[in-house]
Amino acid sequence: MGHEDHRSASPSYGSSAVSEPACPLQNRFEAGSSLYFPTNGVENLPELNENGEAEVDGAAIGHLRFVDEAASGGLEWKDVEARFDRIANIKPGQARAISAADFGFCIGMQKSAEFANELLAALRGRKDLGAEITKAELQKHWHRLTNPLLSWRVQTFFDLCDRDMDGRISHMELKQAVLLSSSCNKLSVTQKEAEQHAALIMEELDTESRGYIQVGQLEALFKQSISKDHLSTGPNSSRHARNYPYQEPASTAEILFRTYWRRGWMIMLWLLVCIALFAWKFTQYRHRKAFEVMGYCLCTAKGAAETLKFNMALVLLPVCRNTLTWLRKHRQISSVIPFNDNINFHKLIAGGIVVGVILHGGTHLACDFPRISGSDNIVFQQTIAARFGYHQPSYLEILATTEAATGIAMVILMAISFSLATKWPRRRSPSLPRSIRQVTGFNTFWYSHHLFILVYALLLIHSMFLFLTSDAAEKTTWMYIAIPVLLYASERISRAIRSEFRDVKILKATIFQGKVLSLTMSRPEGFKYRSGMYIYIQCPKISPFEWHPFSLTSGPEDDHLSIHIRALGDWSYQMYSLFQEVIISAGPMEYPRIYVDGPYGAASQDCLKYDILVFVGLGIGVTPFISILKGIFKCLQKPVHGHHCVGTMAKCPSNAYLYWVTREQCSLQWFGDVMKEISSRKEQDVNVIEMHNFLTGAYQAGDARSALLSAIQALCYAKNGIDIVSHTRVQTHFGRPNWPKMLSTLARRHEGARIGVFYCGPLMLARELEALCTKFSTKCTTRFVFHKENY
């Protein structure tokens, strides 16, 4: 049947018999093929069979849905009924009922109480608004809300807007609906903006200037608002996620190899060295006289000690940032060594140290020392007595020796440092007891980590006083740690000297909503960096020792440096508060002095390896990509020689995509100027840089609470080219991104290309994106290579 049949089959709650003028939206929406619409297309409308029943597929559920859980197959009538039974009032002689205020809870709309109240009023025809709801009435409303026919849902939405129930939506009623939707989605919309949005809808739908619109015109709006947004999460994600060019399925081994081969060979090499050192020392002590007293406990302790020497030396290398920054510039080296995993490798080696300490110290304390003090005196005199002055010591006497005392001291210091470096204490997790939370946090982690200065000093002393040997050739600890310690110490000294000589002046400080501090600083003479690098910041007024990393948001060709700091920890909160006091004070701007150290290389520097770039930033995690986009933007403005542009970037990518995912609308202000600048330029009528914002605090595509705003957004973008949420040319999508659909689209658009995917944000999404990149790379001709920022 045609669309007229759908409309005639829908109920006419409150509608009048006035003829419906034609709506001239078809040409506008068809012409604006790049527009974003959150509802699905008219091609998915359900048809009626010969029995008059709706034939719908899963896609139809996505049209103007009123219930999130129903769209995802989660909440059903039995669940609604269970909620009703749990809170229903029991009155003698009356049917069980709930209050009108509990309607939102029953249908899963408890987070949008105002919208739920208006929806209930519309369902009741604006009558008996305060009356209690029986189960029969609730079931009636539920079936209407979940009816798969779009026309039924449009009529329900129309009644929600039509407050006087005269079958017409006036300009004022439309404005009220805009404000209601904005409130539900936590969007900041002024009365003037709501007035303009309502006027835009009236202009498009009320072509005969009647001063109102009717249900048919509203239905035409939603029908013609075909979903062009292939990126937002929706009910049809699984179906569209498979629309990419397939190859022969890859084996599990191939998938694992492609994803982890660089990490794998480094870990395997490390494990082999540790095993070889352990076996070598184990075998060596198996053939010594001391074995007769202590047995395999001695062999185990000495084998573990050898791995400890190696790991105590190796653990410093991944945090030698200047060295790593220099090494990653050499493509031959960076292609086989995963420099982006330096922090993870540092943690892995630390885990190896923990295992070595347990084996070495544990076997000494629990096995070796008791066997020395409790062994047969004759055996003791014939084997190791000379090492103890021919006096068989007691257990306590052994513990009092320099070797044992320094070892125990090292274990205590390392236990403190390792414990405070774990995730929960470092981030001051709420799950920790309050008394422990007060002495944890990043500051505690930072200072406790410097206990390793004492640990290395004790390690040298410990290695000089050995029970079982006086041969200097066997006292090899200093040989292991000399070069790494000198390298690390020289880096720390050079960083301190360099930061002192770099005079940095705060040019501008800006406070944004969401507790974000933006600092614009003078650029020191000779300070050169590439897009994607980061620097360390120190504020002596907060702490003369703490340095914290922040991505540069200024471009390499800017005459200044800029960073954005979000207050997420104790140090950043102090930094934010310190500058906030200066900004809001009435006196002259006297900003606190800060020191800068860097620049240092990061994962995003690998963007130069790819012609197609994809950047994914969550919240403040977008910062490293702002500098890269600025670099690309400047590169586009430079003359091109061959494939290379004249400027700081070696080459300009053919395409760059930014997907910025944030919760609140105010976050979009952080880089509003950058977005406006970059999105205003087109290179040969083709956008080399394509940017998308995702607002997770708003309801996702197809939800009735955001459908009107999405339609307004599409109309406004078609007319003015400006997004109503970000107030730039960068489109804002409601809800979370649909990552499979995003990669599927990129795979089709750049078939056979090699795409670099760069991510900065929480670990959970990183794992999901890395798995998807591997999956798509092994099933289509496009290759996705995943990179994650680590600090």
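Here are some friendly notes on the aromatic contacts in this predicted model.

1. A word on conventions: residues are numbered from 1 along each chain as its sequence is written. In this predicted model, local features need pLDDT of at least 70 and side-chain atom pairs count only at pLDDT 80 or more, while totals for chains, interfaces and linings use all residues, and side-chain values use heavy atoms, leaving out hydrogens and water.

2. The structure holds 20 aromatic pairs (rings of Phe, Tyr and the six-membered ring of Trp, with centres within 6.5 Å; planes under 30 degrees apart are stacked, over 60 edge-to-face, the rest tilted). Phe-579 and Tyr-591 are a stacked pair, because their ring centres are 5.9 Å apart and their planes meet at 25 degrees. Phe-579 belongs to helix α27 (residues 570-584) and Tyr-591 to the loop between α27 and β12 (595-600), so the contact ties together parts twelve residues apart in sequence. (Helices, H or I of at least four residues, and strands, E of at least two, are DSSP runs numbered from the N terminus.)

3. How accessible are these two residues? Phe-579 is buried at 0% relative accessibility, whereas Tyr-591 is partly exposed at 21% (buried is under 20% relative accessible area, exposed over 50%, partly exposed in between, with a 1.4 Å probe and protein chains only).

4. Phe-615 and Phe-625 also stack, with centres 5.0 Å apart and planes at 25 degrees. Phe-615 is buried at 0%, and Phe-625 is buried at 0%.

5. Elsewhere, one aromatic cluster is formed by Phe-278, Phe-282, Phe-291 and Tyr-296.
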